[in-house]
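Trainee: I would like to learn how to read a few features of a protein model. Please take them one at a time.

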Amino acid sequence: MSRKRKKNIILQKLKLSGVGSLGKGFAKTIDKKIIFTKYGIPGDIVDVNIRKKRSSYLEGDIIKIHKQSKLRVKPKCSHFKLCGGCNWQNMKYDYQLKYKNDQVLQNLMRIGKIQVDKILPIIKSDKQYYYRNKMEYSFSNSRWITKKEINSQKEIKNKNALGFHKSGMWSKIIDINKCYLQENISNKIRNYTKDLSLKLEISFFDLKKQSGDLRNLMIRTSKNKEIMVFFQIFKISDKIKQLFDKIIIQFPEITCLQYVINKKKNDTIYDLRPVCYHGKKYITETIGKYHFRISAKSFFQTNSYQIEKLYNIVKRFANLSGSEIVYDLYCGTGSISIYLSSYAKKIIGIEVIGDAVVAAKENAKANNINNTTFLQGDVKEILKKRRLLSQKPDVIIVDPPRNGLDKLVVESIIKSNVTKIIYVSCNSATQARDLNILSEYYNLTKSQAIDMFPQTYHVENVVLLEKIYQ
């Protein structure tokens, strides 16, 4: 017996009134249910095809726009909506900033259940396109086929792609022609690499079969005009060496070309050893008066043009006099520690990734800094064992991954009785969750958002917490 096909529910002429979680526009029905829809802009009047029904909200897709919002703009990118990356490229930039700021404040109040003594205006990005210093692309022998290609009913011979995953589909890759996130040299290198790989008949990766010689391409750039090209391959071969050699000749501005052989089922490279095929093992970036070496495995803020502004917020909130002991938790390659080093007595950084700690030590040495110490290990384990508490911190800076702080880390910070905490976060929801616990012991006195990710709903937020004394 065949299943009954679900009847489409279409709600007509809804006016979108705001932006909710994950950057989705929302409207309210007559019975006050909230409907979320991707790519909807506040002020749009739309018809929505309901896709998901939940007890407290609905999700749907816009099938018709009766009236466009005044906040709408035409997206620059021909891949808009497909790759899912620049999901706010259809919204005027000033309003992107407004809704990012609103998102941070709503999370602080709703999740954190706290009020902020001083809310500082969000800092905009001077570059709204071509701002990223790192992009990663996937090779695939099963690219996303467009509706136009399907409707043409022509035989599709070339299914190879080099680009981004289709939003919501891990096994399909969108073949990218031009991306507006990284300097245009990235587009040139990527497109040349794809065309030459096809001419050399090098196999593109098959995600389902886990086979194919070309797997991933990462391109890193710096404001210093240095370029790193990094390949993940299944095996090295004469054809791949030929590919590398021709890329180097075609783009003499490439600072280094590296590769790693990856035969695992995942794309992580932290347990693999990169091979330097051409040039140096790193590129350099400058923040203020400091220079940083960035390797293939290094974590580094992806918007080089905003980093100094971000670190200046941290410096201002810390208000160091030169006599303080500072803990820099989740320190990565030590960029915050090094940037603040001349203002503190000593800075101790902790990072779980060994290669990042090595890079942090090298960066400190290269900048002639001798008051920083970097420890490799899990932050919660190091704090739990009290290896550092013999040197009581005056200030703790935390810049954790998107999932926020582990509860044991929060407990250790509270036990340290530190006077001041600066919490840097790229996820204001998990930040607010952690602040809710810390707020029993600390006042949240300042909060400032900064736009590190134009054309997306993501936003960086920095808060200052100061000890409550009974």
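**Cavity, rings and backbone**

Mentor: Ser-138, Phe-139, His-165, Phe-205, Leu-207, Arg-215, Asn-216 and Asp-267 line the largest cavity. A cavity is a set of points on a 1 Å grid over the protein atoms alone where a 1.4 Å probe fits but cannot get out, and lining residues have an atom within 4 Å of a point. The model is predicted, so to speak of local features needs pLDDT of at least 70 and side-chain atom pairs count only at pLDDT 80 or more, while totals for chains, interfaces and linings use all residues. Residues are numbered from 1 along each chain as its sequence is written, and side-chain values use heavy atoms, with hydrogens and water left out.

Trainee: Which elements give two or more residues to that lining?

Mentor: Strand S8 (134-140) and strand S11 (214-221) do. Strands (E, at least two residues) and helices (H or I, at least four) are DSSP runs, numbered from the N terminus.

Trainee: What volume does the largest cavity have?

Mentor: About 40 Å³, where a volume is the space filled by probe spheres set on the grid points, which are joined across faces, edges and corners. The search of the whole structure finds 1 cavity of 30 Å³ or more.

Trainee: How do I read a pair of aromatic rings?

Mentor: A pair is described by the distance of the ring centres and the angle of the planes. Rings of Phe, Tyr and Trp (its six-membered ring) pair if their centres lie within 6.5 Å; planes under 30 degrees apart count as stacked, over 60 as edge-to-face and the rest as tilted. The whole structure has 15 aromatic pairs. One of them is tilted: Phe-231 and Phe-244, 4.9 Å centre to centre with 40 degrees between the planes. Phe-231 lies in strand S12 (residues 227-233) and Phe-244 in helix H4 (residues 238-250), so this pair ties together parts that are 13 residues apart in sequence.

Trainee: What does Phe-244 form with Tyr-277?

Mentor: An edge-to-face pair, 5.2 Å centre to centre and 70 degrees between the planes. Tyr-277 is in strand S14 (residues 275-279), and the pair links distant parts of the chain, 33 residues apart. Ring pairs link Phe-139, Phe-204, Phe-231, Phe-244, Tyr-259 and Tyr-277 into a cluster.

Trainee: Is Phe-244 buried or exposed?

Mentor: Buried means under 20% relative accessible area, exposed over 50%, and partly exposed in between (1.4 Å probe, protein chains only). Phe-244 counts as buried because its relative accessibility is 0%. Tyr-277, with a relative accessible area of 28%, is partly exposed.

Trainee: Which charge lies over the face of Tyr-129?

Mentor: A charge sits over a ring if NZ of Lys or CZ of Arg is within 6 Å of the ring centre and within 35 degrees of the ring normal. Over Tyr-129 it is Lys-76, at 4.3 Å from the ring centre. Arg-190 lies over the face of Tyr-137, at 5.0 Å from the ring centre.

Trainee: With which residues is Thr-372 in contact, leaving aside its neighbours within four places in sequence?

Mentor: Contact means heavy atoms within 4.5 Å. On that basis Thr-372 touches Ser-337, Ser-341, Ile-347 and Ala-364. Thr-372 is in strand S19 (residues 372-376), and at 15% relative accessibility Thr-372 counts as buried.

Trainee: What phi does Lys-81 have?

Mentor: A positive one, about 80 degrees, although Lys-81 is not a glycine. Lys-81 is found in the loop between strand S6 (57-67) and helix H1 (93-110).

Technical notes
On a 1 Å grid over the protein atoms alone, a cavity is a set of points where a 1.4 Å probe fits but cannot get out, and a pocket is an open set with protein on both sides within 12 Å along at least five of seven lines; lining residues have an atom within 4 Å of a point.
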